[in-house]
Amino acid sequence: WSFYAPLILQINRLKKQKDAVILAHNYQTPQIFHGVADVVGDSLQLAVEATKVEQSVIVQCGVHFMAETSKILNPQKTVLIPDSRAGCSLAESISAEDVEAMREMYPGVPVVTYVNTSAAVKAVTDVCCTSSNALDIVEKVDGDTVIMIPDQFLAQNTAKKTNKKVITWAGACEVHETFTAEDIAELRHAYPAAKIIAHPECPPEVVDVVDFAGSTAAMIDWVKTEKPQRVVMVTECSMSDNVASETTGVDFLRGCNICPHMKRINLENVLWSLHTGTEEVTVPEDIIAPARQAVERMIEMSR
Ligand code: 13P
Ligand code: SF4
């Protein structure tokens, strides 16, 4: 930490001078999560918090779709992302044209879109969802069939808990799709007493055999509440690092993957971003209004 201290100090000073707030996802490194973030959380929490921001500048420490969501909810504010190349394999997997084609194939079926998508995709969506409210939103939309895009695994995991028919898309998170039931069996064999928890972007064969599955915030809450002696968080690696420093007496075992997109954000480019006012996130006017409607509908429906 003493290595990072000068950067953390500069960022926190500059943040005040520039009237900026830093929103950071749970997958950011501990030096960002604990050192400079004003608000941390999962995708839903960050979207909700973005609606309450008072500062004129938002620095999004997360991936591009998260910064777009903040911009959609705050069109009058400046939204910065320290590295605009921070993408997401799910957001890359589907375009607005793909969604229109699905609508033509299934006329009248509501489209529930994971927030891990571009603003253009959100704009042709009925309502968004995150991993923490997916089931709730699917249950609340009209009809007995729903199109749930683009994460096939989140959709399959949700489909198992609802009586509705769920039509899926072939997208996947590159961090979570590689976990297998065999990995979990090996972890159970190596650490018989450990609890194993996973993100619902993992394939159902994984979610079905773990002790708990939930959004990044739900996983953190689970560890803080259950206080297992030993735990494996089957998700992005910074999760364990971030929660470990807030949880004494829990032994965190490794069973994680790194998200290369989340890891594009670091203290150096956060400082640079604040100094230079780059990289500014923009969303075309005609996309902001319908995309915002889909996100706000989600926030409203998950209250
Ligand atoms: P959460 O909404 O659970 O934080 O998930 C976001 C994400 O990108 C997980 O891979
Ligand atoms: Fe996208 Fe997966 Fe990275 Fe989350 S962890 S940002 S879903 S690639």
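**Close-up views of a predicted model**

**View 1. A residue pair links strands S3 and S4.** Start with Val 59 and follow the bridge across to S4, where its partner is Leu 80. This pair sits in a predicted model, as do the residues in every view below. Strands S3 and S4 (residues 78-80) are paired in the parallel sense, with three bridges between them. To get from S3 to S4, the chain passes through helix H4 (residues 64-73), and this β-α-β crossover is right-handed.

**View 2. Strand S3 also pairs with strand S1.** Now look at S1 (residues 20-25), which runs parallel to S3 and is joined to it by five bridges. One example to find is Ala 24, whose bridge partner in S3 is Cys 61. How many of the five residues of S3 (residues 57-61) are buried? Four of them are, so this strand is largely enclosed by the rest of the structure. As a general point to keep in mind, side chains in a regular strand alternate between the two faces of the sheet.

**View 3. Helix H1 and the residue after it.** Helix H1 covers residues 5-17, which makes 13 residues. From its first C-alpha to its last it reaches 19 Å, close to the 18 Å expected at 1.5 Å a residue. After H1 comes Asp 19, which has a positive phi, near 55 degrees.

View 4. Which residues are found around ligand 1? Among them are Asn 26, Asp 42, Ser 43, Asn 116, His 199 and Glu 201. Thr 130, Ser 131, Cys 173, Ser 215 and Thr 216 also belong to this group. Sorted by class, the shell has eight polar residues, two charged and one nonpolar.

View 5. Look for Ala 120 in helix H7 (residues 119-123). Is Ala 120 buried or exposed? It has 20 other C-beta atoms within 10 Å, so Ala 120 is buried, since 20 or more is the cut-off for that label. Leaving aside residues up to four places away in sequence, Ala 120 touches Ala 96 and Ile 287. For a sense of scale, the C-alpha atoms of Ala 120 and Met 301 are separated by 21 Å, and these two residues are 181 residues apart along the chain.

Key. Residues numbered from 1 in each chain as written. Chains lettered and ligands numbered in written order. Predicted model: local features only at pLDDT ≥ 70, side-chain atom pairs only at ≥ 80, totals over all residues. Buried ≥ 20, exposed ≤ 12 C-beta atoms within 10 Å, placed from the backbone. Helix = DSSP H or I, 4+ residues; strand = E, 2+ residues; numbered from the N terminus. Pairing = 2+ DSSP bridges. Right-handed = clockwise from strand over helix to strand, strands pointing away. Near = placed C-beta within 6 Å. Nonpolar A, V, L, I, M, F, W, Y, C, P; charged D, E, K, R; others polar. Expected span 1.5 Å × (residues − 1). Contact = placed C-beta atoms within 7 Å.
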